[in-house]
Amino acid sequence: MSQTKVSKTERLLNLISFMLKSRRPVPFSKIAGHVVGYDDDARLDSIEKRFDRDKAELRNMGIPVEYVDGGSPEASGYVIPRDRFFLREIELDKLDTLILSLAGRSGPVTQGSPLIKEAFSSALRKLSVDAPFPETDIPAERASLLQVSSGHEKVTEILQIVCSAVYARRTIAFEYAGRQDRRATKRRVDPYGLGMDRGEWYLAGRCHDRDDIRLFRLSRVRGAVTLTGASDAANEFEIPAGFRIEDHLFREDWDYGTGAPTRVVVEVPRDVGLQFRFHSRMNFRYLSGGPEEEDAQTSVIALDAVSPGRMADWLLSLGPGVRVVEPASLAEDCLARLDAHAAIYGDGAEERA
């Protein structure tokens, strides 16, 4: 008997192989002591229980282990019907071959994962053996599986080339007018990913001019988007490991910019402050007046902003009773905006933030 313990996977494979090779039903007495994994020095009833568990597991996997009663103990035993174990022969007609060929050329299906791509290619090579005519006889046009569009006509025009550039890792160039830009400037970008936020398409990628990953709203692109490399260029850059488009979307306006974040502290009526809990985009903390302080009249909330000035409009939209504690520059900006509104609409807009 073997003294070497084998893994469960090896034991199951040994059992399958033994039963498939046998031309007659195999009684348990021929398995115990003969098949590696059932030939150790355990008690016979323990080995039989092990065999019963393995039979159940094989059946759950779809492998038909059946007992055949041959009328006598010598003629009875277990079998795995070969016609139900092995896959049936596949017959491919010309239409089947055409569909498989097109599937093989559908890069967007397989390019996302090297493991899927390799498995898919291997399966097609095996199936091609039974094809009625060589795959080389089929035209080599690529299949287009992904279509994206936007309600913005200009964005719809450039989405296709931007998607292709992301997929093929091609550097692109375009004119872009950012939120603070008075005029559009030329940008060269390695596109890493596309995503949609609040109904707008955004492109995240490394801006060559800023040498940093930036987010571009496609509706702010002016003119055409062009490929900068040779017509047969591919993989002009590598997407950094760990890049996720989600990390660059779903942010507030004040989260964008350069430099270290600034701490912003605001005091708001408590009912307004409690609504911050349901603001999934905002990373904030209660300094006082949180949900557990039921007697508080106000909530003092702190959050970080890369561009605090972009908070002014949002703070004013919260209504009266909002006070900017810090930084002083943001408080002054809010007051200046209120004064500008008061100059236009009269004394009724003299609420101070």
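Visitor: By the rule used here, to how many salt bridges does the count come?

Guide: This is a predicted model, where local features need pLDDT of at least 70, side-chain atom pairs count only at pLDDT 80 or more, and totals for chains, interfaces and linings use all residues. Residues are numbered from 1 along each chain as its sequence is written, and side-chain values use heavy atoms, with hydrogens and water left out. A salt bridge is a side-chain nitrogen of Lys or Arg within 4 Å of a carboxyl oxygen of Asp or Glu. By this rule the count is 16.

Visitor: Which residue meets R206 in a salt bridge?

Guide: R206 lies in strand β5 and its partner in strand β4, so the pair ties together parts that are 16 residues apart in sequence. Strands (E, at least two residues) and helices (H or I, at least four) are DSSP runs, numbered from the N terminus. The N to O distance is 3.4 Å. The partner is D190.

Visitor: Is D190 buried or exposed?

Guide: D190 sits in strand β4, residues 185-197. Buried means under 20% relative accessible area, exposed over 50%, and partly exposed in between (1.4 Å probe, protein chains only). D190 has 3% relative accessibility, so the term is buried.

Visitor: With which side chains does the side chain of D190 make a polar contact?

Guide: A polar contact is a pair of N or O atoms within 3.5 Å; within protein, one must be able to donate a hydrogen and the other to accept it, and residues adjacent in sequence count only if both atoms are side-chain atoms. Another is at 2.9 Å.

Visitor: What is the order of the strands in the open sheet of 5 strands?

Guide: Two strands pair if DSSP finds at least two bridges between them. The edge strands are β6 (212-217) and β7 (221-227), each pairing on one side only. The pairing is antiparallel, and the order is β6-β5-β4-β3-β7.

Visitor: Which residue in β7 stands opposite A173?

Guide: Strand β3 covers residues 172-176 and runs antiparallel to β7. The two are joined by 4 bridges. Opposite A173 stands T226.

Visitor: What phi does R169 have?

Guide: Most residues other than glycine have a negative phi. R169 lies in the loop between α8 (153-168) and β3. R169 is partly exposed, at 27% relative accessible area. R169 is not a glycine, yet its phi is positive, about 55°.

Visitor: Where does D211, with its positive phi of about 50°, lie?

Guide: D211 is not a glycine either. At 58% relative accessibility, D211 counts as exposed. Its place is the loop between β5 (200-207) and β6.

Visitor: Which peptide bond is cis, with omega near 0°?

Guide: Most peptide bonds are trans. P327 lies in the loop between β11 (323-326) and α11 (328-345). The cis bond runs from E326 to P327.

Visitor: With which residue does E326 form a salt bridge?

Guide: The closest N and O atoms are 3.8 Å apart. The pair links distant parts of the chain, 63 residues apart: E326 is in strand β11, and its partner in strand β8 (residues 262-269). E326 is partly exposed at 29%. The partner is R263.

Visitor: Which residue meets D313 in a salt bridge?

Guide: The N to O distance is 2.5 Å. D313 lies in helix α10 (residues 312-317) and its partner in helix α11, so the pair ties together parts that are 24 residues apart in sequence. The partner is R337.
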